[in-house]
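Hello,

I am passing this structure on to you.

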Amino acid sequence: MPELAVITPTWKPDRDFFAALHRSFLQFTSEDTVHHVIVPWAHKSHFTQFAGPRCRIWTHSELLPRRYVRMPGGVWVNTRRPWPPVRGWVMQQAAKIAAAGIVEADTVLLADSDVVFVRPVKVGDFTAHGRLTLFRKECAVHAGMERHVIWHRVARELLGLPAAPPPPLNDYVDALVFWDPARVRAMQARVSEVTGLPWADAFTSQLHVSEFIVYGVYADEFLGEEQRPATSPEICHSAYIRTPMDHEAAMAFADRIGPDAIGMMISSHSHTSAEVREAAARRCAEVAASR
């Protein structure tokens, strides 16, 4: 079985971001690593050019039960249960969890489409005591981060745990995160056991939910002290910004890349030009290679 698979949910408007990510994927991962791309069925034709031995294109309906139907406006409905329509973002998360549980690999790496790899990806660099580490920012969620606090509450309800203590709480959300497929399958089983529903039904019935928080809380609460994964070093050098980055700022950003980062991300919401993004990626790769 391959050591690693990479999973990226995306859609037509982010196709150019994905193309840059996939080029870097081919450069910095091993020949037996497959890039699994999840797209809406209506957008699949825009990604077929990437399909091949190292890239598999999935649609949401291929990963999730056929009872989910996409309606006009982009929302999904469960034809077997009288729940409100499922938000597209929640459906994307559910498809990501489904893919992580079925791909043939010892480890999966979840990569947002605006990530670019800048250093060779070696799973062994992110294990401790033979176990995959966990992206965890301890006590990073404060009371003012209302969505994160809700995500923690929902995660604990899905997993059958007591209510979370007051913030601060751990954060498990990032643009580039390693998951253990065995843990994902155990998490799915736990949600089904607690709710009495197929895990996907229970997950998509939530208006506000985070796949990263559910996975992180599961790993921290159910693996036991001896199996509790160590904290992963920062693997993505990220700029969560909403305004364009110019060339000078991009070079300064790239020069700050950490010693363990294997990828960089300049948010697609920043509308930073492709030229500046490419220059930042090249500089990040140069700095990473020099260390």
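Below are the notes on the sheet and on the helices.

This is a predicted model: local features need pLDDT of at least 70, side-chain atom pairs count only at pLDDT 80 or more, and totals for chains, interfaces and linings use all residues. Numbering starts from 1 along each chain as its sequence is written, and side-chain values use heavy atoms, with hydrogens and water left out.

The sheet comes first. Five strands form an open, mixed sheet in the order S3-S2-S1-S6-S12. Strands are DSSP runs of E, at least two residues; helices are runs of H or I, at least four; both are numbered from the N terminus. Strands pair if DSSP finds at least two bridges between them. S3 (55–59) and S12 (176–179) are the edges; each has a single partner strand, so one side of each lacks a neighbour in the sheet. Strand-to-strand twist averages 25 degrees. (Angles run from 0 to 180 degrees between N-to-C directions; axes are lines fitted to C-alpha atoms, for helices over the stretch in contact.)

S2 (residues 34–39) pairs with S3 in the parallel sense, over five bridges. His36 sits opposite Arg56 of S3.

Now the helices. H1 (residues 15–28) lies across S1 (4–9), S2, S3 and S6 (107–111), at about 165 degrees to S2. H3 (residues 88–102) packs on the sheet too, touching S1, S2, S3, S6 and S12. Contact means heavy atoms within 4.5 Å.

The axes of H5 (residues 181–195) and H7 (residues 211–222) come within 10 Å and cross at roughly 90 degrees. The pair is therefore roughly perpendicular (65 to 115 degrees). Among the H5 residues that meet H7 are Met187 and Arg190.

Best wishes

Technical notes. Angles under 35 degrees count as roughly parallel, over 145 as roughly antiparallel, 65 to 115 as roughly perpendicular and the rest as oblique.
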